[in-house]
Amino acid sequence: MKKDLISYTIHLADSALILGHRNSEWCGHGPVLEQDIAITNISLDLIGQARNFYQYAAQLTGNNTTEDTLAYLRDAREFKNCLLTELPNGDWAVTVLRQFFFSAYQYLLYQQLQHSSDTQLAAIAEKSLKEVTYHLRWSSEWVIRLGDGTSESRQRILNAIEDLWMFTGELFKPADYEIEATAKGFGVNAELLKNDWLQNIKAIFEEATLPVPDENAWMQTGGKTGSHTEHLGFILADMQFLQRTYPGCEW
Amino acid sequence: MPIHDLEKTFLDKIEREIKIEPRDWMPDAYRKNLVRQISQHAHSEIVGMLPEGNWITRAPSLKRKAILIAKAQDEAGHGLYLYSATETLGTSREETINDLHSGKAKYSSIFNYPTLCWADIGAIGWLVDGAAIINQVMLCRTSYGPYARAMVRICREESFHQRQGFEILLVLSRGSDEQKAMCQDALNRWWWPSLMMFGPRDSDSTHSDQSMKWKIKRMSNDELRQKFIDMIAEQVKVLGMTLPDPDLKWNAERKHYDFGEIDWAEFWNVVKGNGPCNKQRIEARTKAWDEGAWVREAAVAYAEKRKEKQPQTPKGALEAA
Amino acid sequence: MTTKYYYGDFGESGSGEITANNKKNVGIHSDAAGHDWPLWEVFIRSKQGLDHKHMGSLHATDAQMAIENARDVYTRRMEGVSIWVVESKHIHASNPDEAESLYDPANDKAYRHPTFYDLPDELKHM
């Protein structure tokens with residue numbers, strides 16, 4: 001029970017951290033000052049969510065585990081984030097589309113999770129849902145803007161769909177610890193989120209005048225169980241470098 | 001009203017500490033001077049995000065990462081407030097930004113130094129933000145209303161920046177030998193450039209001091225620099241570190257710290273573009289701006305399309321009335 | 001060097017004898033002006049019961065984006081509970097040259113202010 005709860009919580013934390021980390025790479029490099037600030041806000045929200053989940057997982061784990069030992073001292077194979085979150089930022093189209101896909105999923109996930117039998121998870125979900133509601137709105141608007149903007153922006157968002165679509169299936173394909181989590185009542189059945197998610201994607205894509213890709217296309221999986229893309233290793237090399245070079249220090 | 005009278009009214013307001021507002025008459029030179037100073041101040045905030053942003057992905061704990069992101073984001077906000085202030089003077093943000101990218105407009109030279117280790121993030125917070133705050137507190141009383149108001153907001157938000165920097169150094173100064181060395185190394189490299197932030201010595205100027213007369217600027221470079229040195233020379237004791245100046249010592253007679261000579265050749269070279277990172281900073285900003293062009297255009301195109309489709313009454317317009 | 005430089009005021013390029021050894025042309029479009037998104041003024045109610053107050057301005061392509069940008073830019077520290085935005089070009093301002101004729105007349109209407117009336121101290125709640 002506890003093992004599954006820890007794995008499940010770390011999975012939620014990892015996805016939030018890695019996407020927050022990716023978004024933070026935009027800080028100082030955004031297309032316009034107002035949006036630089038906006039994407040950075042989303043990054044801060046996600047890192048905040050990750051910290052809440054990690055702190056809870058650390059408390060459950062004991063043995064002097066902290067949010068930082070979880071984030072900084074595990075290797076790529078132990079990370080349980082969805083593949084979608086670790087993909088490179090690409091251009092603005094890739095970034096906002098990745099955010100849209102993930103926020104639409106997180107929105108449904110947290111809506112359910114706030115009724116979790118585990119009061120901690122429920123509380124974190126409830127708090128995070130407010131943030132995600134805004135992320136979803138913000139990213140939806142950008143997808144619409146780019147889809148129905150100029151011919152260049154349309155082409156770029158089409159390219160982004162092409163690149164990202166095959167990473168969306170994993171969101172709804174539960175790992176073992178998710179299945180256990182659902183069975184025991186503290187987790188959300190990810191499979192059941194898929195339909196609502198697709199409806200949301202279709203609605204926004206329609207407004208954006210974008211074609212909806214084949215929902216039965218072949219999907220990449222593995223992130224939730226530690227089989228990642230090559231990108232994650234580089235993220236961790238960057239992120240963990242100080243903790244690894246100077247082990248056991250306070251910062 | 002004849003120009004002569006307008007100028008008299010203007011100077012009278014300055015004399016009586018009445019703020020000048022955007023639509024008030026002001027001498028052309030005052031306007032030009034302000035546009036230059038405020039926009040360069042704005043550029044400093046924006047370029048200043050880069051050396052710190054450099055460490056966002058490598059921040060050594062989740063807490064530090066969140067703080068650093070929030071801080072860099074604040075700087076984006078501060079740049080935005082300041083660009084807005086220049087816009088009240090009739091200069092568009094785009095013009096202002098183009099001047100940065102073309103090299104016509106300057107920004108604080110301090111950001112042309114590299115951030116080489118984590119302690120640099122602490123040193124920037126403590127020394128660079130510390131120096132900035134001394135200037136900015138003074139600028140809250142500047143004579144141009146929008147600039148003064150932007151500075152008030154900025155000062156309020158910046159109060160945590162210097163504290164977080166000092167805290168980073170404090171933790172390092174109490175840490176392992178390697179961390180202590182890292183801390184000292186950062187201070188050695190950032191001390192002199194942060195003194196240069198206040199500009200050349202007052203005595204090096206034969207220029208009549210229009211900025212002071214117009215109360216855009218309220219204290220001289222040397223006064224501000226001395227204030228900063230007196231503050232830091234005391235605070236460094238808490239860290240148990242040293243500042244890299246053998247001539248730094250308390251002068252009981254002056255009631256100030258004496259200090260050594262700044263390397264003015266280095267100062268002028270960095271100002272003129274020969275600093276270690278001038279090139280990469282401007283390239284990073286230009287790249288972000290150029291690569292953002294299609295995004296900005298798309299948003300405009302979409303807004304125009306939507307306006308055609310549905311001449312909209314924004315939600316809430318009625319309640320607002 | 002005769003020009004005085006200040007913090008936040010580093011002079012203009014071309015002055016002085018040192019030249020950058022890394023200057024290069026950057027791609028500034030010749031038709032550079034006029035691409036900014038429209039400018040909006042932001043008003044924020046900091047808490048229920050207070051008026052909206054002018055906070056500053058920002059750029060956005062439409063009202064919705066302006067409100068969201070205002071939320072991201074001006075309420076990062078929970079400064080607001082309600083946001084108004086208005087495109088700057090729609091604001092009409094009084095002419096400062098007419099300030100005397102507009103506002104000075106109110107100067108001698110002291111009777112509009114409560115302290116003008118000399119009433120006995122025993123009188124409460126007025």
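Set aside its neighbours within four places in sequence, and Lys71(B) is in contact (heavy atoms within 4.5 Å) with Glu52(B), Ile124(B), Asp129(B), Phe160(B), His161(B) and Gln164(B). Lys71(B) sits in helix α3 of chain B, where helices are DSSP runs of H or I with at least four residues, strands are runs of E with at least two, and both are numbered from the N terminus. With a relative accessible area of 0%, this lysine is buried; buried means under 20% relative accessible area, exposed over 50%, and partly exposed in between, using a 1.4 Å probe and protein chains only.

A quick word on the ground rules: this is a predicted model, so local features need pLDDT of at least 70 and side-chain atom pairs count only at pLDDT 80 or more, while totals for chains, interfaces and linings use all residues. Residues are numbered from 1 along each chain as its sequence is written, chains are lettered from A and ligands numbered from 1 in the order in which they are written, and side-chain values use heavy atoms, leaving out hydrogens and water.

Now for where chain B meets chain A. Here 47 residues of chain B are in contact with 48 residues of chain A. Between them the two chains bury about 4,000 Å², with 68% of it on carbon and sulfur atoms; that buried area is the accessible area (1.4 Å probe) that two parts lose on being put together, summed over both. There are 16 residue pairs in polar contact between chain B and chain A, both residues at pLDDT 80 or more. A polar contact is a pair of N or O atoms within 3.5 Å; within protein, one must be able to donate a hydrogen and the other to accept it, and residues adjacent in sequence count only if both atoms are side-chain atoms.

Salt bridges between chain B and chain A come to three, each being a side-chain nitrogen of Lys or Arg within 4 Å of a carboxyl oxygen of Asp or Glu. One to look at joins the side chains of Asp148(A) and Lys305(B), at 3.1 Å from N to O. On the side of chain B that touches chain A, the elements giving two or more residues are α2 (28–53), α3 (62–87), α6 (145–173), α7 (177–196), α11 (278–291) and α12 (293–309) of chain B. Of these, α3(B) gives the most, with 14 residues.

From the other chain, take Arg51(A), in helix α2 (residues 33–61) of chain A. Arg51(A) counts as buried because its relative accessibility is 19%. Not counting residues up to four places away in sequence, Arg51(A) touches Glu67(A), Leu62(B), Lys63(B) and Ala66(B).

On to chain C, which has two helices and three strands, following the pattern β-β-α-β-α along the sequence. Of its 126 residues, 32% count as buried. The three strands form an open antiparallel sheet in the order β2-β1-β3, where strands pair if DSSP finds at least two bridges between them. The edge strands are β2 and β3 (82–87) of chain C, each pairing on one side only.

Strand β1 (residues 39–45) of chain C pairs with β2(C) in the antiparallel sense over seven bridges, and Ile44(C) stands opposite Lys53(C) in β2(C). These two strands form a hairpin with six residues between them, and Gly49(C) in the turn has a positive phi of about 100 degrees. Strand β2 (residues 52–59) of chain C is mostly covered, with six of its eight residues buried. Six bridges join β1(C) to β3(C), again antiparallel, and Arg45(C) has Ser82(C) as its bridge partner in β3(C).
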